Amino acid sequence: MARILVTDDEIDIYDLIKGYASREGHTCVHAKNGLEAVEFCKTENFDLIIMDVMMDQMDGFTATKEIYKTKKIPVIMLTALGAEYDKLHGYDLGIEDYVVKPFSVRELMARINVVLRRGGNDLSSQKDDFLVLGNLRIDKSGRNVFAENKKVDLTVKEFELLEYFADHKGQALTRSQILNGVWGEGYYLDDRNVDWQVKLLRKKLGKNCNYIETLRGVGYKFEIEE
């Protein structure tokens, strides 16, 4: 079963999550703030992090960014804000999912189980091959992308999105297909999340952004001119 780091300054929320998670065989560790979560991740391993946004000493966004400098652990954010900007900022960092307070613990556990079933960001489970498409080289085993032999720094989700496009080159893909293919079934996301991730990916790809074609009323298509 999974080892989960719950980062929240409210002990009642930690106890609630721990109670439900333990029933499913998971082990929970409590970090009272973002700074403590960063320190935990320096010396210990976790399968998933539940991260509150608003905390003293270090907020959830900053803590996630610091953790991602050395480890790629799936993160589900908890927020009382519910603002569109906060969600988009979290996805920009590469988090897996967002839950707005007050929340249903059963819903949270469903989302946790979806992330764990997908294997989160386990780099050891990736395919051992690479693709060369136009000016792009996608190293699946190393999870690296190169454009004109220069490495492109992508978040976990940006890489998975590009990989999904590449694996379905030339196909018209709806936003629903992309959501299911990249995030997996069971995620409570909408079309705006796909559009935002595509926007971020295009920006990273620079002049190669035209490989991702927008299909009005449909979705997107990854097309390389031979």
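The following exercises, each with a worked solution, concern one predicted model.

Residues are numbered from 1 along each chain as its sequence is written. Because the model is predicted, local features need pLDDT of at least 70 and side-chain atom pairs count only at pLDDT 80 or more, while totals for chains, interfaces and linings use all residues; side-chain values use heavy atoms, with hydrogens and water left out.

**Exercise 1. State how many helices and strands the protein has, and what share of its residues is buried.**

Solution. Begin with the secondary structure, where helices (H or I, at least four residues) and strands (E, at least two) are DSSP runs numbered from the N terminus. The protein has eight helices and 12 strands. Next, apply the burial classes: buried is under 20% relative accessible area, exposed is over 50%, and partly exposed lies in between (1.4 Å probe, protein chains only). Of the 226 residues, 50% are buried.

**Exercise 2. Determine how α2 and α3 are oriented to each other, and which residues meet.**

Solution. Axes are lines fitted to C-alpha atoms, for helices over the stretch in contact, and angles run from 0 to 180 degrees between N-to-C directions. Helix α2 covers residues 34-43 and helix α3 residues 60-67; their axes are 8 Å apart, at an angle of about 15°. Angles under 35 degrees count as roughly parallel, over 145 as roughly antiparallel, 65 to 115 as roughly perpendicular, and the rest as oblique. The pair α2 and α3 is therefore roughly parallel. Contact means heavy atoms within 4.5 Å. On the α2 side, Gly34, Ala37, Val38 and Cys41 take part, and they meet Ala63, Glu66 and Ile67 of α3. By class, this contact has five nonpolar, one polar and one charged residues. Here Ala, Val, Leu, Ile, Met, Phe, Trp, Tyr, Cys and Pro count as nonpolar, Asp, Glu, Lys and Arg as charged, and the others, Gly among them, as polar.

**Exercise 3. Carry out the analysis for α7 and α8.**

Solution. The axes of α7 (residues 175-183) and α8 (residues 191-205) come within 9 Å and cross at roughly 75°. Helix α7 is therefore roughly perpendicular to α8. From α7, the contact draws on Arg175, Ile178, Leu179 and Trp183; from α8, it draws on Asp191, Asn193, Val194, Asp195 and Gln197. The classes are four nonpolar, two polar and three charged residues.

**Exercise 4. Examine the backbone at Gln57 and at Pro102.**

Solution. Most residues other than glycine have a negative phi, and most peptide bonds are trans. Gln57 has a positive phi, near 70°. This residue is in the loop between β3 (48-52) and α3, and Gln57 is exposed at 65% relative accessible area. Pro102 is joined to Lys101 by a cis peptide bond with omega about -10°. Pro102 is in the loop between β5 (97-100) and α5.
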